[in-house]
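Student: I would like to learn how to read a fold from its coordinates. Could we go through one case step by step?

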Amino acid sequence: MARILREWRPRTRFGSLISMDLMQAARDVEQLLEAEGRLIRLSSSARTVFVGDVHGDLDAVECVFTEAAPGTVIVFLGDVVDRGLSSREALTRILLAKLDRPQAVFLLMGNHEAWGAASFRPADFWESLSRKEVSALSPILLKLPFAAWHEAGVLGLHGALPDLPTLNHLATVAVPSPPWRDITWGDWSDSATSPENLTGRPTYGTSEFIARARRLGVRVLVRSHQPHAPTYLFEDRCLTLFTSRAYGGGPRRVAVLAPGRAVSTAHDLDVVEI
Ligand SMILES: [Mn+2]
């Protein structure tokens, strides 16, 4: 690890992005992902920032790294690539930051990182890669964690809560599988405020949210994936963030969880525009 850090630290500066090698960064991060597993347990003593879909918005990534106070733990909720113009740079930047500060930077799996397991179109980033690059990168990104747990009762993941008996069962979820599809593709819909879902993506309402959250011991879910979902759903226990100017059209928002904060609803996290 020390060798990797010595090699990579000088290259994490913003000005050297063009020379960054995505494939090398991905290969270097693979061992870290294997060691960490599918469920990240976040430090409860650090300030935590959750970041929604970035979708190729490199400026959003730079903003997060620049504005986060030293010691902050940063959790990207997935969908870093596709849609925007700077997918390669945004992903490389996050992987290099992960190598630099493994305990402070986490990237969770979104459906766009999992393209190798369930491809779809349009996927401009993946379609811009050579076949060789796809076969090198996609197995590594399929090792990304599914979720990040904070003992205040907050779970971060990309889409919907999976139907599992306990949180620890995340370790056994296969890619692809129905629970994996809920995690990476799942939508939430409150029929009072959301249009009927016509996308064919797995979609769940209040009763599923309450039942799954109870089984998993989750008080508040922080997730992204749906740019037009209401920010707060299900008695303000489900917070949806989006953090891209490249896609979705809304404001870029992150959520900050202060250390020691007691959490009963998502309003106990500070939602900040960047
Ligand atoms: Mn998504």
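Student: What percentage of the 274 residues in the protein chain is buried?

Tutor: Note that this is a predicted model. Buried residues make up 44% of the 274 residues in the chain.

Student: How many helices and strands does the protein chain have?

Tutor: The chain has 8 helices and 13 strands. Of its contacts with a separation of 6 or more, 72% join residues 24 or more positions apart.

Student: How is a pair of packed helices described, and what are the values for H3 and H4?

Tutor: Two packed helices are described by the angle between their axes and the distance between those axes. Here, the axes of H3 (residues 58-67) and H4 (residues 87-100) come within 8 Å and cross at roughly 25 degrees. Angles under 35 degrees count as roughly parallel, so H3 and H4 are roughly parallel to each other. Their crossing is left-handed.

Student: Which residues of H3 and H4 meet?

Tutor: From H3, Leu58, Val61 and Phe65 meet Glu89, Ala90, Arg93, Ile94 and Ala97 of H4. By class, this contact has 6 nonpolar, no polar and 2 charged residues.

Student: Now the strands. What is the order of strands in the open sheet?

Tutor: The open sheet has 6 strands in the order S1-S5-S6-S9-S11-S10, and the pairing is mixed. S1 (39-41) and S10 (232-233) are the edge strands, each pairing on one side only.

Student: Do S5 and S6 run parallel or antiparallel, and how many bridges join them?

Tutor: S5 (residues 147-150) and S6 (residues 154-157) run antiparallel, joined by 4 bridges. Ala148 stands opposite Gly156 in S6.

Methods:
Residues are numbered from 1 along each chain as its sequence is written. This is a predicted model: local features need pLDDT of at least 70, side-chain atom pairs count only at pLDDT 80 or more; totals for chains, interfaces and linings use all residues. Axes are lines fitted to C-alpha atoms, for helices over the stretch in contact, and angles run from 0 to 180 degrees between N-to-C directions. Helices (H or I, at least four residues) and strands (E, at least two) are DSSP runs, numbered from the N terminus. Angles under 35 degrees count as roughly parallel, over 145 as roughly antiparallel, 65 to 115 as roughly perpendicular and the rest as oblique. A crossing is left-handed if the near helix is turned anticlockwise from the far one by less than a right angle, and right-handed if clockwise. Two residues are in contact if their C-beta atoms, placed from the backbone, lie within 7 Å. Ala, Val, Leu, Ile, Met, Phe, Trp, Tyr, Cys and Pro count as nonpolar, Asp, Glu, Lys and Arg as charged, and the others, Gly among them, as polar. Two strands pair if DSSP finds at least two bridges between them. A residue is buried if 20 or more other C-beta atoms lie within 10 Å of its own, exposed if 12 or fewer, and partly exposed in between; C-beta atoms are placed from the backbone.
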